[in-house]
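Reader: I have a chain open on my screen. Can you walk me through it?

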Amino acid sequence: MMTPAEHDMRQEYVQLLETLGAEYPDLVVLDSDLAASTGTKKFGVRYPDRFFDCGIQEANMIGVAAGLSAMGMIPIAHTFAAFAGRRDTDQVFLSCAYAGLNVRIVGVDPGICAGKNGGTHMSLEDMGILRTLPNVVILDPSDAVSLGKLLRQSVETPGVYYIRINRKAKLRLYSDEDDIRIGRANQLLDGEDVTLIAEGSLCVPEALRAAQALLAQGVHARVLDMATIKPLDKDAVIRAARQTRAIVTIENHNVINGLGSAVAEVLAETGAVPFARIGVQDVFGQVGSVDGLMHLFGLDAGAIAAKALSLLQQ
């Protein structure tokens, strides 16, 4: 199911931006002095009149994006995910969501993807912050295929979107023919014992690895890729609660107010099933390799499998 991609997510994303730029003459791209890191520099070369580097002024960039939207443009604004959540909140709230405008904010290197940039650049709170803002859609695609389909849908449907992108991800989970939609979970494996609900390019592949480890112990795991954090696919969660004996969420985020909290809210309102959240346990990020941080924070396949087994033994 998991195959190496010919290009990393950043390369395929920028190619898609260029394609969308040709299809939508009103599409504009904004960056915050990170065009080389995000890859958007390539869009700027092709469409110099529709590319705006706003400098290290992330909040101002969101205000500019809102103004462009008010003039009928389709803006996509880029910065590191750590800045998208912490620095831009007021502008996203007032200038974009409250004003009912049409803006996409792309947060690059979410969660521990910041790796050796350390705790200052780790966005372990961005989904939690933006999830509380009315009418903001939050997307965390797991590969370039799902990113492409979800981004295109966001361009086709006006609104305020926050999209997390791990620019260095290289695995491919989906084929071009797969039907992936905003607001709907994608079932990658079926099983009747435990459901693993994961998001993003780090945690979804790890959930699949955990499912294989569980299968070797006779445990059949269902794996859901919850690429849309908000609005959450509540029906998929309810089905999982009724059809399997336990649920584990796995997220590249603080365990508070992200995917796990969203799923817990559904479970609390609709019925009980053994449930656990795997995520960063309300601490600051650290410097390290992504693989090392996955192990440190208990996000790897071994930790997922162990948590699933512990729930099934309750």
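Predicted model: local features only at pLDDT ≥ 70, side-chain atom pairs only at ≥ 80, totals over all residues.

Reader: Fine. How many helices and strands does the chain have?

Author: The chain has 13 helices and 14 strands. Its radius of gyration is 19 Å, close to the 20 Å from the globule rule for 314 residues, so the chain is as compact as a globular protein of that length.

Reader: What does the C-alpha trace span along its principal axes?

Author: About 60 × 40 × 40 Å.

Reader: And what share of the residues is buried?

Author: Buried residues are 60% of the 314 in the chain. The accessible surface is about 12,600 Å². Carbon and sulfur atoms hold 52% of that surface.

Reader: What about contacts between residues 24 or more positions apart?

Author: They account for 78% of the chain's contacts with a separation of 6 or more.

Reader: Charges next. How many positive and negative side chains are there?

Author: There are 28 positive and 37 negative side chains. The centres of the two sets lie 1 Å apart.

Reader: Now strands. Is β4 mostly covered or open?

Author: Mostly covered. β4 takes in residues 74–80, and seven of its seven residues are buried.

Reader: Which way does β2 run against β4?

Author: Parallel. Strand β2, residues 27–31, is joined to β4 by five bridges. V29 has I76 in β4 as its bridge partner.

Reader: How does β4 pair with β5?

Author: Also over five bridges, in the parallel sense, with β5 at residues 103–108. Here H78 has V106 in β5 as its bridge partner.

Reader: Where is A81?

Author: A81 is in helix α5, which covers residues 81–86. A81 is buried, with a relative accessible area of 0%.

Reader: Why does A81 count as buried?

Author: Buried means under 20% relative accessible area. A81 has 0%, so it counts as buried.

Reader: What does A81 touch, leaving out residues up to four places away in sequence?

Author: G107, V108, D109, P110, S123, D126 and Y162.

Reader: And how far is A81 from P158?

Author: Their C-alpha atoms are separated by 22 Å. Along the chain the two are 77 residues apart.

Reader: Switch to N166. Which loop is it in?

Author: N166 sits in the loop between β7, residues 160–165, and β8, residues 171–172. N166 has a relative accessible area of 10%, so with the cut-off at under 20% it is buried.

Reader: Which residues does N166 touch, again beyond four places in sequence?

Author: M9, D109, P110, C113, S201 and L202. D109 and P110 are also on the list for A81.

Reader: On to β11. How many of its residues are buried?

Author: Five of five, over residues 221–225. A221, V223 and D225 point one way from the strand, while R222 and L224 point the other way.

Reader: Which way do β9 and β10 run against β11?

Author: β9, residues 186–189, pairs with β11 in the antiparallel sense over three bridges. N186 has D225 as its bridge partner there. β10, residues 194–198, runs parallel to β11 and is joined by five bridges. V194 stands opposite A221.

Reader: Last one. Which residues are buried in α10?

Author: In α10, residues 234–243, the buried ones are A236, V237, I238, A240 and A241.

Reader: What covers them?

Author: The cover includes β10, β11, β13 at 247–254 and α11 at 259–270.

Note on methods: Residues numbered from 1 in each chain as written. Heavy atoms only, no water. Helix = DSSP H or I, 4+ residues; strand = E, 2+ residues; numbered from the N terminus. Rg over C-alpha atoms; globule rule 2.2 N^0.38 Å. Buried < 20%, exposed > 50% of the residue type's maximum accessible area, 1.4 Å probe, protein only. Contact = heavy atoms within 4.5 Å. Areas by Shrake-Rupley, 256 points an atom, 1.4 Å probe, with all protein chains shown as cover. Lys, Arg positive; Asp, Glu negative; His and termini not counted. Charge placed at Lys NZ, Arg CZ, Asp CG, Glu CD. Pairing = 2+ DSSP bridges.
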